[in-house]
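Subject: Structure handover

Hello,

Here is the structure you were waiting for. My notes on it follow below.

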Amino acid sequence: MLGLVGKSNTGKSTFFSAATLINVEISNRIFTTIEPNKGVSYVRTECPCKILGIKCAPKNSLCIDGQRFVPVQVIDIAGLVPGAYEGRGLGNKFLSDIMGANALIHVLDMSGGTDNDGNPVAAGSHDPEKDIYFLEDEIDYWILGLLEKNWNQIKQKAMHEKIENLIYKQLSGLNMSSETVKQLVEKHNITAEIEPEKLMLFIKDLRQRNKPIILVGNKMDVFQSQQNFEKMKNHEIIPCYAEAELALRRAADKGFIKYIPGDSGFEIIGNTDDRQKQALGFIKKYMEKYKTTGIQDCINKAVFDVMKMIVVYPVENESRFSDKKGNILPNAKLMPSSSTAVDMAYAVHEDIGRNFISAVDCRIHQRIGSEHQLKTGDIISIKSRS
Ligand SMILES: Nc1nc2c(ncn2[C@@H]2O[C@H](COP(=O)(O)OP(=O)(O)O)[C@@H](O)[C@H]2O)c(=O)[nH]1
Ligand SMILES: [Mg+2]
């Protein structure tokens, strides 16, 4: 799950609406909104149907003109205010929401038109670079709070129990592997008597692994944003124009334009009035400069580069690339990049994993073993004892 975070007024809800709107027939829209702030977005990847010259029939995902869109949950996490970690504002809700996120997309108002508390101010009056550190600090202090709450107990128990186990239990809500916690505890030489500054370095390291942050510079259409973007070149920021992406997806939904999320342009195909033409013209100019609106880039970066996932296609029939019913490339599965053939078998079904015999890499018609490492785009048929 990806969490959208940022102060009020930076464009999170606009980003969320754009990222979760996709122009496909209703029958294909299997994923609907779960809660008001939770929705489904899609990572975009080349569908193997294109290169193989076949017509696919996706079931758990979508294929638009040879681009496969694979669902990923997104949550619009409101409530970031200074002191959220102390429960200020919607602080507690904010923190329990980020607890469940695998990566955070931090939406910045690059125009500097939003003050510390999330109030709109004149563009250029706030330094958006500060917001980067502000979010990191909020999360760090929150994790520190989780540890400090029971530090006295940890101290006592540390006499007869390993400190890494105690810290692991204390941070169980973060869903980290015990292996990662152990590694970090060793790396930072954590003991029950650790000095606060050293503990903070440990927490920063832990946060970077547990809640990696993708920086999004929104409102790049505003003049001041471009100056700030130049000034902040030492950070890796994806330039973004959320309002435009929302307008494009809505226009595509209504049939005015042809636009596939993530494309570097669009085509007007319906009747548009002067006002619409003007708005689309402005967006077109922006895209000529920045290539895309940035929304799809953010989702893809989060899933592929930061969470390091791959997309693989399990099939039954190894020569037709289909399921039992003949649907070609029906399912696209997101898996961690280190996944093996047997991992995929388990991901399809527990029983198939347990009864795994071998698998076939269908694109090259080659048998592969259980420990064979998969790569993105693989089409795999699994043989199991039935
Ligand atoms: N210029 C510009 N304004 C935007 C963009 N995205 C959002 N906004 C505006 O910023 C304001 C706050 O947006 P909203 O999505 O409600 O922000 P949230 O409070 O972070 O959820 C609204 O007036 C939006 O229209 C953008 O890409 N460019
Ligand atoms: Mg909002």
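A polar side-chain atom of Lys-219 sits 3.1 Å from an oxygen atom of ligand 1, which is a polar contact here (a pair of N or O atoms within 3.5 Å; within protein, one must be able to donate a hydrogen and the other to accept it, and residues adjacent in sequence count only if both atoms are side-chain atoms). The side chain of Thr-14 places an N or O atom 2.6 Å from an oxygen atom of ligand 1. Gly-11 uses its backbone: an N or O atom there is 3.0 Å from a ligand 1 oxygen. Taken alone, ligand 1 exposes 580 Å², and the protein buries 72% of that (accessible areas by the Shrake-Rupley method with a 1.4 Å probe; for residues, only the protein chains shown count as cover).

Before the rest, the conventions. This is a predicted model, in which local features need pLDDT of at least 70 and side-chain atom pairs count only at pLDDT 80 or more, while totals for chains, interfaces and linings use all residues. Residues are numbered from 1 along each chain as its sequence is written, chains are lettered from A and ligands numbered from 1 in the order in which they are written, and side-chain values use heavy atoms, with hydrogens and water left out.

The ligand shell

Ligand 1 is surrounded by 15 residues, the closest being Asn-9, Lys-12, Thr-14, Asp-221 and Glu-243 (a residue is near if one of its heavy atoms lies within 4 Å). By class, three are nonpolar, seven polar and five charged (Ala, Val, Leu, Ile, Met, Phe, Trp, Tyr, Cys and Pro count as nonpolar, Asp, Glu, Lys and Arg as charged, and the others, Gly among them, as polar). Helices α1 (12-19) and α10 (242-253) each supply at least two shell residues, and α1 gives the most, with three. Helices (H or I, at least four residues) and strands (E, at least two) are DSSP runs, numbered from the N terminus.

The nonpolar core

Which residues touch the most other members of the largest nonpolar core? They are Phe-94, Ile-98, Ile-167, Leu-199 and Phe-202, out of 37 residues in that core (buried Ala, Val, Leu, Ile, Met, Phe, Trp, Tyr and Cys residues joined through side-chain atoms within 4.5 Å). Two or more residues come from each of α3 (91-99), α4 (128-148), α5 (151-157), α6 (163-170), α7 and α8. The most come from α4, with eight residues. Domain 1 (2-127 + 213-303) and domain 2 (136-209) both contribute, so the core lies between them; the domain bounds come from an automatic or database domain assignment.

Individual residues

Asp-65, in the loop between β3 (62-64) and β4 (67-76), has a positive phi of about 50° although it is not a glycine. Asp-65 is exposed, at 52% relative accessibility (buried is under 20% relative accessible area, exposed over 50%, partly exposed in between; 1.4 Å probe, protein chains only). Asn-189 also has a positive phi, near 50°; this residue is in the loop between α7 (178-187) and α8 (196-210) and is exposed at 59%.

Asp-137, in helix α4, is partly exposed at 33%. Its C-alpha is 8.9 Å from that of Lys-204, 67 residues apart in sequence. His-126, in the loop between β5 (103-109) and α4, is buried at 11%.

Regards
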